[in-house]
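Dear colleague,

Please read the notes with the structure open beside them.

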Number of protein chains: 2
Amino acid sequence: MFTYILNTGIKTPIYEQLYDHIKEDILNNVIPKGEKLPSKRRLAAHLKISVLTVETAYEQLISEGYIYSKPKRGYYVNDIQNSLSLAPSDIDTIPVRENQTRSDYIYEFKTNTVDTENFPFSVWAKLMREVLRDKDKELLNKSETKGLYSLRTEIAKYLKAYRGISCQPEQIIVGAGSEYLINLIIQLLGENKKYAVENPGYHKIAKILQAYNTDTEYLPLDEQGVSMEHLIYSDVNVLHVSPSHQFPTGIITPIKRRYEILKWASEKNGYIIEDDYDSEFRYSGKPIPALQSLDTAGRVIYMNTFAKNLAPSLRISYMVLPWELVYTFDRDFRFYSNTVSCFEQYTLTKFMEGGYFERHINRMRNIYKTRINTIKDCISSLNKNITIHGENTGLHIVLEFPEGTDIKLLTDKAKEKGIFLTDINSYYVKGRHHKPAIVLGYTGINNENIIKAFDLLKEVW
Amino acid sequence: MFTYILNTGIKTPIYEQLYDHIKEDILNNVIPKGEKLPSKRRLAAHLKISVLTVETAYEQLISEGYIYSKPKRGYYVNDIQNSLSLAPSDIDTIPVRENQTRSDYIYEFKTNTVDTENFPFSVWAKLMREVLRDKDKELLNKSETKGLYSLRTEIAKYLKAYRGISCQPEQIIVGAGSEYLINLIIQLLGENKKYAVENPGYHKIAKILQAYNTDTEYLPLDEQGVSMEHLIYSDVNVLHVSPSHQFPTGIITPIKRRYEILKWASEKNGYIIEDDYDSEFRYSGKPIPALQSLDTAGRVIYMNTFAKNLAPSLRISYMVLPWELVYTFDRDFRFYSNTVSCFEQYTLTKFMEGGYFERHINRMRNIYKTRINTIKDCISSLNKNITIHGENTGLHIVLEFPEGTDIKLLTDKAKEKGIFLTDINSYYVKGRHHKPAIVLGYTGINNENIIKAFDLLKEVW
C-alpha cells in the first residue's frame, strides 16, 4: 500500500498531491508497469482521505495516460516507455536576457522613424473612447477578412481624392503592416513567379521575398527609376517599385517610364507592386498619378501604410488589388482572419470620416517642409558644395557630395558628435551610388535639433 | 499660343487647371511630341496670370515627365509612347458590393465563435483608458519584433503557472493571430520540410500550409491521437497536433503517446507544432502537461491564442520557440515588425498583471461547464442513445449516434428550426468518422437558448 505524506496546510489540493506522488513513482519505476493500484476505497481508508479525492487523482492519472482502468477489475500502471530519458526540462535556468536596443545618438537623421511628437494624440484618444462606448459588441467580433468595410470605404475615398485612384472597397485589403501584405501577395500570386526589387532599395522587401524562398532579382536604376533595359531582358514577372519617390534615391519616375513599366507588365502578364509609402508628403505641386491610376490592364497591386503618416505602432497597411486578384482572393483566401484589431480599425475609420486624417497630413506636410527648409539653410551655411535631391516629396532627402568625398569619414565624425547619418551605399546590394551621398531622414528630429546637429557638423566637417 | 479658359471661381487652383489642360492636350496629341512650349513669361501674359502660376504648372508637368526643359532654351513636350492605348481607367463604374454574411440560424452550435457576452468589457475599457493616459509616447512607437517584453513576461508566468511550461520571454513571439504565426514558422523552418496535419482536423492549418505550397500530408488518428504507425513510416518532419484536445474529435493524447511523439521528433530532428488552443478550458482535474513541458530535445513549438479565451477581434496569439529556433529567429528574422498594435499589447499586459485574465478564464470555465451540463441534461431527455465525448476539456463536444443514423437528415431537420449543427465528417479530408457524429460548439449560445434549441430538436428528431 502507498504511504504518502499529504499536507493539508498548503495550497495544493490533496488530490493533486496524491496525483503528483503516484505519477512520480510511476516515472521513477517505483511502481512498475502493469502493477495494479489499490482500490479507491482501500487507498482512501489507508491515507485517511475521502474516496472522491482518490477518484479525482486516479482520473487525472488516467486522462494523462499514466494508469488505465479495467472495468470491474481496477486500476493498472501503463507502460511509460522512454519516459526516463525524457525527464522534465530545466530549461528555465538558462540565463538569457534580450538586448535592449539603446541608441548612442542624440541627433538621429533616420528614415524609419515617424514624428510621434506631433501625433494628434488627444483626438485619437477621444475617438478611441467613443469607439469603446459605442461599439461594444462589434468590438469583440472579428472583422471581415479584408478589413472593416467602413474603413475600406474611407480608404477608397481618400485614394480617389488624393491619389487619383479609383477603386472599390472590395479591392482593398487591410492588414497588420506592409510586410504582412507582402506575405499575402506571395501566396496570392502563387508558384513560379520571379520577383524583382530595386537596387538600391528598401532591404526588407527583398528579405521577406527571400524568407519565402522566392526567386528574387535585384534590378538597377537609371535616373528615371528602374532600368527598362534590365527589366525587359530579365525573366522577372513581379516587380516591386516605388515610382512616386524611390527609396533611397528619391527618384520620381516620369510619366513615360510609368507607361513603359505598365506596358511591360501587360505584355508579360506580370504584376507591379507599387509601394506608395510616402506619397502623401509632397511639398510642391500636386501628387504625381500613381501607376495604379494609369493601369487599364489590371497589373498593379497598390500598397500604402498608415505607419508612415500616423504611427508605426498602429500596424495598419492596405493594398488595392486588381480585379483578377480580388476574385482569386475571394475564392481561395477568405479563410484568413484579418490581422488588425477591430478596435483600431473602428478608430481609424472615425479618424478618417471626421477629416482628422486629412488635417493631420496637411499639418505634418507643413512641419516637414519647414524642416527641409531648415536643412537647406544649414547645408548652404556649411559651404560644402553639397547638392540636395528629392526635397519635393517624401520623408527623406539625399545629399550628394563632390567626387572623391570620403563619406565614411563624414559619418564617423558625425557619430562622434552623436549624429546619425547614413551612407547611401548601405542601401545598395551591388554596385555603388554614382556620387558620394548621404541619406537624411528628418521625421524623427525637430528644427531645433536640426540646427544644433548642423552646428556640430560645422565643427568637424 | 494655348488659349485655355481658367476659372477663378472654382476650388481647383489656376496652376492645376493649366496643368490639366496642357497634360490633356499632350495625351491627346494636340500638342505633339518635341513641340516647344511658350515661355513662362509669354504664356503668363497671354492668359493674364502670374509667371509663378505658369512656372508651378510647368514644374508639375516636368516632374511627371510630360515635358522637359532644356537649359536656356525652353520647355519641350516629351515622347509619351503608348499613352493613348492606356487611357485612364474607369474601373470605378463596376458595380460590386461585397456579400455581407448574414446567418439563417437562430441557435448556432458553432465551434469558431467566442462568448463575447461575458467579456469583461468595462475592465478592458478601463485598462485601455489607463494605457491611453499613462503610455502616451510609448504607444506610438513600434514594439520589439517579438512583442512587448512586459507582455511576454506575463505570458511566460501564465504558462508556468497554468500549463507547467518553463520558458523565457525571449522564446515567446507575439503575433496577429495563429495564422500569422504559422506563416512565420514556415519561414523559420525553411525549405525541404514536409508537414503533416491531423485528419480530421482544423482545415485552416492545411490551407495555410498549402497556400505556401509546402509539401503537406494528412495523418489519420487512432483513439490516442495521431497514428504513430503512419507518422513513423511517413517522411514528414514537421507535425501539427493538438494533443490536449484534438479538434474535432476531442481526443486527449495520453502521456505514453506524447513521449512517443517527442521521441519521433527527436530522432528525426523534426519539429512538433503544438496547438494548445483551448487548453485553459478543462472542467475536471488539472490540465494535462503540454508536450512542450515534456520536451528536453527542443523539438516543440508551442502555440496558443487569446482569440479563444478573450475575444477574436483582439488578434493576439503567441508561440514559444525552442532555443535553436530562437537563435535562428534572432539572426534572420529580426527585420520583421511585430504585427500587434502596442496599444493592445499594453492593455493585455495590464489585464494579465492585474489578475483579470485569470479571473476571466475561471469565470468562463464555470459558464461553459454549466452549458455542458445543460446540454447533457437536454441530450438525456431526448432519449436517443447519444454518447457524449470530450466533455471534460475545451470548447466543443462530440455527440456520437448509433450506427446507421442519418446525420444529414438530423442536421437538415435542425436547420429547418434555425439550429446550426455540424457533421463531424465535414472535418475529414479523407475517410469518415467511425460513428455517425455531430460536433457541438457551445461558446456562442447561452443556457436559455441551448434549452430552446433542444426543445425544437425534440419536435423534429
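How many residue pairs are in polar contact between chain A and chain B? The count is 14, with both residues at pLDDT 80 or more, where a polar contact is a pair of N or O atoms within 3.5 Å, one able to donate a hydrogen and the other to accept it, and residues adjacent in sequence count only if both atoms are side-chain atoms.

This is a predicted model, in which local features need pLDDT of at least 70 and side-chain atom pairs count only at pLDDT 80 or more, while totals for chains, interfaces and linings use all residues. Residues are numbered from 1 along each chain as its sequence is written, chains are lettered from A in the order in which they are written, and side-chain values use heavy atoms, without hydrogens and water.

In contact (heavy atoms within 4.5 Å) are 100 residues of chain A and 101 of chain B. Across this interface there are 0 salt bridges, taking a salt bridge as a side-chain nitrogen of Lys or Arg within 4 Å of a carboxyl oxygen of Asp or Glu.

Over all chains, however, the count comes to 40 salt bridges. One of them joins Glu324(A) to Arg299(A), with the closest N and O atoms 3.5 Å apart. Arg299(A) is buried at 5% relative accessible area, whereas Glu324(A) is partly exposed at 47% (buried is under 20%, exposed over 50%, partly exposed in between, with a 1.4 Å probe and protein chains only). In chain B, Glu130(B) and Lys350(B) form another, at 2.9 Å from N to O.

Best regards
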